[in-house]
Amino acid sequence: MNKAAKSFFRLRGYVWNIGYRPSLGSYEKRKLGIFNVMNFLGLVAGIIIPVVGLFNKDHFTSTARIAAGGPALISFFVLLANHYQRYEFARLLYFTFYPIVTTLTYALGIDAGIEFFFVLYGVLSVFFLQSIYNIVFSFTLSMACYFLVALIWKDYAYSLQKHNFYFYVFNHLLAVFFIFYGLLLIKNENTRYQNQTRDKNWQLRRSNLKILRQKADISGKAALLEEQTHQLTELNSLKNKLFSIIAHDLKSPLYALRNLFRNVQLYDLPGDEIKILIPEVVNELTYTTGLMENLLQWAKSQMQADSVKPQLLDIARVTREVVQLLRLQAEAKHIYMNSKIEQPVYVYADKDMINLVLRNLVSNAIKFTPEAGSIFIEAREMRSYIEVVVQDSGMGIPPEGLQKLMDANYYTTRGTGGEAGTGLGLMLCKEFLSRNGGQMRIESEPGKGSTISFTLPKGGG
């Protein structure tokens, strides 16, 4: 870029920024820049035209030269007002005095061929002025002056067209140039402003999408944290209950066993008396054994939450093992226990977990069934799952207890033979069945027994 071009752009930048202040918006800054450039061109034209007239004294009167220099004076004061940041005042000054001075030129009897400038003032006032009252005033003034000059005043003492035709044409072309250049500047700046606005809107949408994603991520993490907090609270509550139960219930069998051995040691009890005490101790130890096994399984399930090892499992075989294991416990209460599962029935589940589920359900049935009662175990084959049913003729569960069990809340009561319980067994059963894709259903009525069933995915075989 040569020196002249650099000087031109430096001058243009200076003129563009006359009166600029940082608080101006982007759009207002562009309007100010365009207005400054137009007034600078008017200032230059208002200086050049009278100077040119000096070299053409015969065809360019002194009155015409004075009238031609009027725009320079107006543009100077407009730029000065902009410099002091009186923007609306400067624009009103421009769109008021330019039409008046142009009209005075014709009023002095001079036809300078500049009537097109009235159109320029009227069009540009709509764009530059902010107040609607100022716009109406300036536009009306420009159009009134135009009709006055073009339609009413016809006879002029001095016609530039006759004395200097080329200069007359130049004035018309200059007016057309100002109209074109002003509209072009407005169009270019509006296009640039719209592009910048579109880019800003696009960036804003990107920022909003990013914020929405972050908000959704935070909401998801908050929900997860809330769920984990809820689970930890429930687990802590269960832990406190279990330790309270353990601290209380483990004392009884241990004290019974200690008292038995102490009496044998201190009083040399005969065998008949020892036999009388042993069933009670055995009963307590049976309960303690079941309690400890459930506790160990619960602790294991909490430490290895995802350690499910599903396999093809024959429910008939698991049922026979559980019945054989609990046979003596049932015989002690003269309870008739029968498995109706004679043929192999296959499910796909974790063997140890299902063994514990079935053992807890049958053990509970024995616990809550009075002497000479009955317990039946059967399996029903459905389309996509197997339903295992444990039915007893026991004491049943009251509605409030049944509701607690359905809500997975802690619930326990003593059996028909005074057997204690912790309520942990059924909670373990529900958790293990859930991990194996199954569900539990409890139907019970006080005095009429209970029916507890659970489902498991059907296996091949």
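Reader: Which residues does Val390 touch, not counting residues up to four places away in sequence?

Author: This is a predicted model, and in it Val390 touches Leu358, Leu361, Val362, Ala365, Ile375, Phe376, Ile377, Ser450, Thr451 and Ile452. Val390 is also one of the residues with the most contacts inside the largest nonpolar core, which has 40 residues. Others in that group include Leu361, Val362 and Phe454.

Reader: Which helices and strands supply at least two residues of this core?

Author: Among them are helix 11 (315-325), helix 13 (351-367), strand 6 (374-381), strand 7 (385-392) and strand 9 (450-457). Helix 13 gives the most, with nine residues. A second, separate core of 37 residues includes Ile74, Ile110, Leu129 and Phe178.

Reader: Let's turn to helix packing. How are two packed helices described?

Author: By the angle between their axes and the distance between the axes. Take helix 5 (residues 116-128) and helix 6 (residues 132-152): their angle is about 170°, and their axes lie 8 Å apart. Angles over 145 degrees count as roughly antiparallel, so helix 5 and helix 6 are roughly antiparallel to each other.

Reader: Which residues of helix 5 and helix 6 meet?

Author: From helix 5, the residues include Phe118, Tyr121 and Val126, and among their counterparts in helix 6 are Ile135, Phe139 and Tyr146. Sorted by class, this contact has ten nonpolar, four polar and no charged residues.

Reader: And charged residues? What can side chains of opposite charge do?

Author: They can pair when their charged atoms come close. Here the count comes to eleven salt bridges. One of these joins Arg441 and Glu443, with the closest N and O atoms 2.6 Å apart. Another joins Glu378 and Arg380, where the closest N and O atoms are 3.6 Å apart. Through salt bridges that share partners, Glu378, Arg380, Glu387, Arg441 and Glu443 form one network.

Reader: Where in the chain are Glu381 and Lys458?

Author: Glu381 and Lys458 form a salt bridge, with 3.4 Å between the closest N and O atoms. The pair links distant parts of the chain, as Glu381 is in strand 6 and Lys458 in the segment after strand 9, 77 residues apart.

Reader: Is Glu381 buried or exposed?

Author: Exposed means over 50% relative accessible area. Glu381 has 60%, so Glu381 is exposed. Lys458, at 30% relative accessibility, counts as partly exposed.

Definitions and conventions: Residues are numbered from 1 along each chain as its sequence is written. This is a predicted model: local features need pLDDT of at least 70, side-chain atom pairs count only at pLDDT 80 or more; totals for chains, interfaces and linings use all residues. Side-chain values use heavy atoms; hydrogens and water are left out. Axes are lines fitted to C-alpha atoms, for helices over the stretch in contact, and angles run from 0 to 180 degrees between N-to-C directions. Helices (H or I, at least four residues) and strands (E, at least two) are DSSP runs, numbered from the N terminus. Angles under 35 degrees count as roughly parallel, over 145 as roughly antiparallel, 65 to 115 as roughly perpendicular and the rest as oblique. Contact means heavy atoms within 4.5 Å. Ala, Val, Leu, Ile, Met, Phe, Trp, Tyr, Cys and Pro count as nonpolar, Asp, Glu, Lys and Arg as charged, and the others, Gly among them, as polar. A nonpolar core is a set of buried Ala, Val, Leu, Ile, Met, Phe, Trp, Tyr and Cys residues joined through side-chain atoms within 4.5 Å. Buried means under 20% relative accessible area, exposed over 50%, partly exposed in between (1.4 Å probe, protein chains only). A salt bridge is a side-chain nitrogen of Lys or Arg within 4 Å of a carboxyl oxygen of Asp or Glu.
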